[in-house]
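Trainee: Could we go through this protein together, one question at a time?
Mentor: Gladly, here it is.

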Amino acid sequence: MKHLLIIALLLVSSKGFSQKLRFKVDGVKDTTVFLTKYYGSKLFYADTAQMKGGVVEFTAKPDLKPGIVALLMPGQKYFEVIYNNEDINIETKGPDFVANMKVKKSEENKVFVAYINYLQEQRKVATGFSEERKKYKEGDPQYKMYGEKMDSVSKRVTTYQTDLQKNNPNKLVSKIIKMSMDVVVPEAPKDASGKVTDENFRYRYYRNHYWDNIDLKDDRLVNTPVFGSKVEYFFGKNMLVQHPDTILAFAFPFCDQFDKKSELFKYAVDYITNTFAKSNIMGMDKVYVYMVNRYYCKTDENGNSVAYWMNDKKDKLKELCEENKVRMNLVQGVRPPNISLRDTTDVNWKDFYSLKSEYTILYFWDPECGHCKKTTPKLQTLYEKKFKDRNVEIFAVGKATGEDFEKWKKFIRDNKLSFINVGLTKKLYEEATEDPRQFIPKYTTLEALNYHDTYDIYATPRIFVLDKDKKIIAKQLTISQLEDFIDRMQNVKNVEKIFPPDPEEEAH
């Protein structure tokens, strides 16, 4: 009986932690509405309920975390409120749901709604001053006067924001408002004559203090669009040069500062990794590869991935990390594994590390590949008319195993390919399969014999451009892009392009 009483008390107690979110919206017909939640800057469905007589009520589910939520109604109409593990009772009506909002219950939203309405009022005042100032020329007394009035509005807003935070130190709304405020950037230093001595001072200060107003230990902030937008802006083109090494120089310290078990850590790692995996900027795959290596494939003292959200997907994680080991050798700035294979004589060995060229084009192709049949002759044309005389070498690795051996040689003959052509020939493949030690390490390596896996050749043709040190500087270029890239790298100007952009090739 005693145990039953304890269980009953626990059940009653647990029910007490389920907050109610009640909304009354005048003028809305009976319909289905949605409670949505933010994760970063994106909205996701959290719950569904029926609105009757303009009233709808949700019971907070365990996965509804503190942050900003929104009530989504038909016609994509919605309004946002703050949820922080408290009951919410709000009444409003359209068309301006926030201006008409009455908070019956929720301390967070009483402060939040008052703040939003104050901002809207001050914005109207500032807009009025701005419109009046447009009537005058810069330098007119009236122009200066209205500028000062606009500044006074900004100062009032800042004072309001500061006072709100002081008066509500423990509320989530205070942290959200502080997070939305930009850091104050001081004037750049000047010399005795008043000339700025450091043109980049303000940018660097803003970048280095960008996160000062954000509590990076509070996981609740992940569930607000403000935090998501802040992260997107910082790692975007307006803040950082979109170069993989620059992005990584800021991504690593940013992610490393978080508690490795926190939601903030998960969001930061996941956002940066996936954003740059989808980038169309050449070389940005390096960000993805290095992020995966540092966070997904790195393990703690218990052998679990630092990316704790992946630990229930062991097989997928293992596959990801195995693939990433290959990709680590194929990113911009890295010297990829050498390839030493036989040429069409099936006797002579050639490798690209030994080439003394200023640039080396590493080209993977298949004589039976339709796109290769179009691309490879064009590459020969570039080699004849431009690259050969400018110390740009082409090291082509063709599919030459089995029946492809004769097809490979025939294609080379028919198209008069004069650049270096090597392949894993039929004879070499058979002999290496029987006993690879007769070739390794005297003539080649296991990585070279398995070049398909080493270079992740899942489709052909594939191009890598290497500098004089045989480090990757470009890859996955079309013929027209390759021509333009080499011309630019060698500072060859006003030269006619042999192959202008080809829409069909670009789409491949």
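Trainee: Is Glu323 buried, exposed or partly exposed?
Mentor: Let's start with the cut-offs: buried means under 20% relative accessible area, exposed means over 50%, and partly exposed lies in between, with a 1.4 Å probe and protein chains only. Glu323 has a relative accessibility of 33%. That places Glu323 in the class called partly exposed.

Trainee: What should I know about the model itself?
Mentor: This is a predicted model, where local features need pLDDT of at least 70 and side-chain atom pairs count only at pLDDT 80 or more, while totals for chains, interfaces and linings use all residues. Residues are numbered from 1 along each chain as its sequence is written, and side-chain values use heavy atoms, with hydrogens and water left out.

Trainee: Which residue forms a salt bridge with Glu323?
Mentor: A salt bridge here is a side-chain nitrogen of Lys or Arg within 4 Å of a carboxyl oxygen of Asp or Glu. The closest N and O atoms are 3.9 Å apart, and the partner is Arg327.

Trainee: How many residues apart in sequence are the parts tied together by Asp182 and Lys230?
Mentor: The side chains of Asp182 and Lys230 meet in a salt bridge, 3.3 Å from N to O. Asp182 lies in the loop between H4 and helix H5 (201-208), and Lys230 is in helix H6 (residues 225-234), so the pair ties together parts that are apart in sequence by 48 residues.

Trainee: Which of these two counts as buried, with a relative accessible area of 10%?
Mentor: Asp182 has 48% relative accessibility, so it counts as partly exposed. The buried one, at 10%, is Lys230.

Trainee: How many residues apart are Asp487 and Lys386?
Mentor: Their side chains meet in a salt bridge of 2.9 Å, N to O. Asp487 sits in helix H16 (residues 479-489) and Lys386 in helix H11 (residues 370-387), so we can read the pair as a link between distant parts of the chain. Both residues are buried, and the separation is 101 residues.

Trainee: Over how many bridges do E5 and E6 pair?
Mentor: Strand E5 covers residues 67-73 and strand E6 residues 77-83. Within the pairing, Ile68 stands opposite Ile82 in E6. The two strands run in the antiparallel sense, and the count of bridges is 7.

Trainee: Which residue in the hairpin of E5 and E6 takes a positive phi near 80°?
Mentor: Look at the 3 residues between the strands of this hairpin. The residue with that positive phi is Gly75.

Key:
Pairing = 2+ DSSP bridges. Helix = DSSP H or I, 4+ residues; strand = E, 2+ residues; numbered from the N terminus.
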